[in-house]
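This report covers helix packing, the chain interface and salt bridges, in that order.

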Amino acid sequence: MAEVRLRVNGADRRLDIPPQVSLLDALREHLGLPGTKKGCDQGACGACTVLADGERINACLALTVQYADREITTIEGVDHPLQEAFVRHDGFQCGYCTSGQICSAIGMLAEHKDGMPSAVSEDPAAEGEELTDEEIRERMSGNICRCGAYNGVVEAVAEVVR
Amino acid sequence: MRTFDYVTATDVTTALRTVAERPGAKFLGGGTNLVDLIRENVERPDVVVDVTRLPLTGIDELPGGGVRVGAGVRNSALAAHPLVRTRYPVLSQAVLNGASAQLRNMATVGGNLLQRTRCPYFYDTASPCAKREPGSGCGALGGITRDAAILGVSEHCVATHPSDMAVALAALDAVVEVESIRGTRRVPVLELYRPPGDTPHVETVLERDELITAVELPAADAAPRSRYRKVRDRASYAFALVSVAAALRLDGDTIVDARVALGGVAPLPWRAAEAERLLVGAPATEETFARAAEAELAAATPQHDNAFKVELARRTIVATLRELQEHAAAGSAA
Ligand SMILES: Cc1cc2nc3c(=O)[nH]c(=O)nc-3n(C[C@H](O)[C@H](O)[C@H](O)COP(=O)(O)OP(=O)(O)OC[C@H]3O[C@@H](n4cnc5c(N)ncnc54)[C@H](O)[C@@H]3O)c2cc1C
Ligand code: SF4
Ligand code: FES
Ligand code: FES
């Protein structure tokens with residue numbers, strides 16, 4: 001067993017767990033925060049996206065012990081205009097991918113603000129690419145939506161950006 | 001999921017000693033490959049030594065114009081760094097074309113280099129796989145090999161190396177710095193990986209207890225004009241069917257330096273030496289590009305269901321070189 005101290009949504013949390021427990025399972029099964037979803041449990045869907053010190057990560061491939069003393073934000077700790085925008089633009093159908101989409105979009109906006117290029121940016125050396133729909137799609141491609149609500153997701157993100 | 005011990009090291013010596021002393025130990029980077037493989041019971045370490053808190057996260061300029069990248073640098077930080085974006089655009093693009101933003105925020109340079117194949121039979125512990133269980137045979141041969149390699153395969157393993165980053169590093173002649181309790185050494189990326197032969201489980205020249213500490217990018221005149229082009233089953237968040245990292249330097253219309261490396265087609269990042277040989281000294285034309293691509297792929301040995309990769313690789317090489325040539329032409333006209 002390992003004793004791990006985490007900061008989750010602004011609160012100090014202590015856990016006694018074996019090292020193989022993923023951050024996703026720690027949140028859902030041990031800390032009573034089931035808002036973060038388990039889709040594939042292998043890094044392939046993005047449903048488990050949370051923020052670690054503001055950076056988006058896949059909680060299913062994160063060992064909790066590796067994130068000791070980091071500030072973790074889950075959908076339960078999010079209060080952001082994106083949430084209303086997702087509702088307005090039908091950015092979901094069943095909603096299973098939505099908490100991951102929203103945490104991912106928050107991380108994405110911060111990355112873009114910091115000047116992170118993307119695979120569709122024309123010139124990797126150029127700063128500050130505009131967030132076109134194509135850029136939003138590429139930067140949000142780590143979040144799969146089985147219901148195919150992608151057009152609504154792009155509209156919702158675009159509304160918050162523009 | 002099996003259990004294991006977890007050790008965090010904050011200095012390199014402790015990390016090296018711990019792994020050297022415990023035969024079942026593995027280094028742990030971002031965990032995006034290792035955690036998955038432990039969960040699938042493919043990797044079975046009894047202790048993981050977390051190397052992400054080691055002081056290996058710098059990106060520094062070297063005297064002479066090269067750049068040294070710490071092995072703990074996250075993939076996203078590597079792609080975003082101004083020195084990498086301006087001097088080695090092919091590397092920034094290759095990294096940005098791999099995985100997803102979430103995974104790139106987690107993955108490290110060292111872990112990316114040593115990620116294991118995505119051959120589905122390697123992941124499926126019910127199938128034979130000589131890479132997973134030495135001597136057990138190969139589930140892929142005679143099975144579904146659509147994603148398999150077409151160059152440099154052996155009769156024992158046809159799996160591809162999945163890294164995009166490593167393809168760019170191969171084109172750039174990058175050198176890996178390695179450290180163990182026995183000392184440090186430098187290994188060119190082109191000599192890091194071993195062809196599968198009859199030991200597909202032996203993937204690199206590294207010993208189990210050797211830690212990658214950095215990657216050195218040499219100064220290169222051609223590198224600022226370089227591109228990465230990746231073809232996959234969907235537009236993003238998928239491994240390469242074929243990818244090309246290339247750089248060209250022209251004098252007028254004549255090619256004076258050419259770098260071409262291929263991903264998705266071989267058990268290791270594939271430096272296309274034959275193509276380069278035909279490119280250098282030749283005019284930068286469509287015919288030259290096609291001849292170079294065909295010469296490189298003449299040795300291809302596709303499986304029953306992936307002959308399409310030969311044609312796809314040919315077209316992708318030509319398209320990448322054409323794009324570089326057009327950029328160069330536009331640049332000199334301006
Ligand atoms: C769904 C999905 C899609 C992906 N798509 C792509 C893609 O399109 N292109 C692509 O290139 N990659 C892709 N990846 C793979 C990803 O790039 C790798 O998982 C990642 O780069 C591994 O880095 P890591 O730090 O997480 O390694 P880890 O998982 O921590 O480690 C991987 C291996 O490296 C060893 N290791 C780690 N650091 C060191 C070191 N410093 N010295 C020595 N050994 C070390 C570990 O012991 C382990 O064997 C994808 C992954 C997933 C899950
Ligand atoms: S191709 Fe290689 S990795 Fe895949 S099953 Fe055969 S031996 Fe294993
Ligand atoms: S549950 Fe983590 S990526 Fe799918
Ligand atoms: S809304 Fe159903 S998976 Fe996205």
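In helix 3 of chain A, residues A:Q101, A:A105, A:M108 and A:L109 meet A:V153, A:V157, A:V160 and A:V161 of helix 5 of chain A, where contact means heavy atoms within 4.5 Å. Helices are DSSP runs (H or I, at least four residues), strands are runs of E of at least two, and both are numbered from the N terminus. By class, this contact of helix 3 of chain A with helix 5 of chain A has 7 nonpolar residues, 1 polar and no charged. Ala, Val, Leu, Ile, Met, Phe, Trp, Tyr, Cys and Pro count as nonpolar, Asp, Glu, Lys and Arg as charged, and the others, Gly among them, as polar.

This is a predicted model, in which local features need pLDDT of at least 70 and side-chain atom pairs count only at pLDDT 80 or more, while totals for chains, interfaces and linings use all residues. Residues are numbered from 1 along each chain as its sequence is written, chains are lettered from A and ligands numbered from 1 in the order in which they are written, and side-chain values use heavy atoms, with hydrogens and water left out.

The table gives the axis geometry of the helix pairs. Axes are lines fitted to C-alpha atoms, for helices over the stretch in contact, and angles run from 0 to 180 degrees between N-to-C directions.

| Helix pair in chain A | Crossing angle | Axis separation |
|---|---|---|
| Helix 3 and helix 5 | roughly 40° | within 12 Å |
| Helix 2 and helix 5 | about 135° | 8 Å |
| Helix 2 and helix 3 | roughly 125° | within 10 Å |

Helix 2 of chain A and helix 3 of chain A are therefore oblique to each other; angles under 35 degrees count as roughly parallel, over 145 as roughly antiparallel, 65 to 115 as roughly perpendicular and the rest as oblique. Helix 2 of chain A passes helix 3 of chain A in a right-handed crossing. A crossing is right-handed if the near helix is turned clockwise from the far one by less than a right angle, and left-handed if anticlockwise. On the helix 2 side of this contact are A:L82, A:Q83 and A:F86, and on the helix 3 side A:T98, A:Q101, A:I102, A:A105, A:I106 and A:L109.

Helix 2 of chain A also crosses helix 5 of chain A in a right-handed sense. A:P81, A:L82, A:A85, A:F86 and A:R88 of helix 2 touch A:V153, A:A156, A:V157, A:E159 and A:V160 of helix 5. These residues comprise 8 nonpolar, no polar and 2 charged.

Between the chains, 41 residues of chain A are in contact with 38 residues of chain B. Chain A and chain B bury about 3100 Å² between them, 51% of it on carbon and sulfur atoms; buried area is the accessible area (1.4 Å probe) that two parts lose on being put together, summed over both. A:Q20, A:L61 and A:Q66 supply 22% of the area that chain A buries against chain B, more than any other three residues.

The count between chain A and chain B is 1 salt bridge, defined as a side-chain nitrogen of Lys or Arg within 4 Å of a carboxyl oxygen of Asp or Glu. B:R39 and A:D41 form a salt bridge through their side chains (3.4 Å, N to O). Over all chains the count comes to 38 salt bridges. Among them is the side-chain pair A:D25 and A:K38 (3.0 Å, N to O). A:D25 lies in helix 1 (residues 23-30) of chain A and A:K38 in the loop between helix 1 and strand 3 (49-52) of chain A, so the pair ties together parts that are 13 residues apart in sequence.
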